[in-house]
Amino acid sequence: MKRSTLLFNLTACLLIAAAAAAQEGPLLRYADVHGDRVVFTFEGDLWLARTDGSPARRITRHDGAETFGKFSPDGALIAFTGAYDGGTDVYVMDAEGGVPRRLTYHPGADYVLGWHPDGKRVLFRSMREVPGILKVYTISVDGGMPEALPVDQAGLTSFSPDGKSIAYNRITREQRTWKMYKGGMAQDIWVGTL
């Protein structure tokens with residue numbers, strides 16, 4: 001009797017888990033909000049939604065993946081990380097959709113973090129100088145050469161409203177799956193004046 005009850009319970013648990021997994025789809029990730037608009041990544045593309053609950057619409061349709069969409073301070077542009085043609089670079093496009101314009105051209109992966117408060121430069125991180133060491137840079141929305149910020153290493157980074165200071169994590173772990181971690185990769189927030 002106990003064996004059949006155990007087998008029944010195990011089978012029921014497996015069926016429930018399989019049903020839950022079948023209903024679970026790709027995650028909505030990397031959201032950014034500006035006013036009443038939200039840009040986020042879903043199914044490897046950028047989507048735009050309104051905060052009123054109206055349906056979201058896809059604003060990119062490239063074979064490569066687009067992530068980390070960030071609105072410019074005035075909301076007119078979206079900077080994002082695009083994994084196109086074998087590279088991972090910084091792109092910018094009109095906030096309502098359109099043709100992306102590539103800003104970085106380096107074999108190292110470049111990941112968008114945000115914008116400088118002046119709205120003329122995109123903030124991104126990359127291992128372009130030293131493998132294994134993330135550094136942060138800005139690049140003009142018109143293109144050109146990136147400018148490194150005077151920080152030895154940084155992951156997530158954000159400017160103060162006046163653009164004269166930054167807050168940053170020296171280690172990046174937003175892709176990690178652990179919770180309540182207290183070990184050597186625990187995040188500290190550093191603040192520095194530029």
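Modeller: A salt bridge here is a side-chain nitrogen of Lys or Arg within 4 Å of a carboxyl oxygen of Asp or Glu. The model is predicted, and the distances below are computed from its atoms. Arg-37 meets that definition with Glu-96, since their closest N and O atoms are 3.0 Å apart. This pair connects distant parts of the chain: Arg-37 belongs to strand β2, residues 37–42, while Glu-96 is in the loop between β7 (87–94) and β8 (101–102), and 59 residues separate the two. Buried means under 20% relative accessible area, so Arg-37, at 10%, counts as buried. Glu-96, with a relative accessible area of 33%, is partly exposed.

Glu-96 has a further partner in Arg-50, with the closest N and O atoms 3.7 Å apart. Because Glu-96 lies in the loop between β7 and β8 and Arg-50 in strand β3 (residues 45–50), this pair ties together parts that are 46 residues apart in sequence. Arg-50 is partly exposed, its relative accessible area being 33%. Taken as a group, Asp-36, Arg-37, Arg-50, Arg-57 and Glu-96 form a linked network of salt bridges.

The strand that holds Arg-37 also has a partner to describe. Strand β1, residues 29–34, runs antiparallel to β2, and 4 bridges join the two. Within this pairing, Val-33 is opposite Val-38 of β2. The hairpin of β1 and β2 has 2 residues between the strands, and Gly-35 in this hairpin has a positive phi near 60°.

Arg-170 is partly exposed, at 24% relative accessibility, and Asp-152 counts as partly exposed at 44%.

Strand β15 can also be placed through one of its residues. Gly-192 is in β15, which covers residues 189–193. Beyond its neighbours within four places in sequence, Gly-192 is in contact with Lys-164, Ser-165 and Ile-166. Ser-165 is 27 residues from Gly-192 in sequence, but the C-alpha atoms of the two are 5.6 Å apart.

As for the setting, the secondary structure of the chain consists of 1 helix and 15 strands. The chain has 194 residues, 38% of which count as buried. Of the contacts with a separation of 6 or more, 29% are between residues 24 or more positions apart. The accessible surface is about 11,600 Å², and carbon and sulfur atoms account for 59% of this area.

Definitions and conventions. Residues are numbered from 1 along each chain as its sequence is written. This is a predicted model: local features need pLDDT of at least 70, side-chain atom pairs count only at pLDDT 80 or more; totals for chains, interfaces and linings use all residues. Side-chain values use heavy atoms; hydrogens and water are left out. Buried means under 20% relative accessible area, exposed over 50%, partly exposed in between (1.4 Å probe, protein chains only). Contact means heavy atoms within 4.5 Å. Accessible areas come from the Shrake-Rupley method with a 1.4 Å probe; for residues, only the protein chains shown count as cover. Two strands pair if DSSP finds at least two bridges between them.
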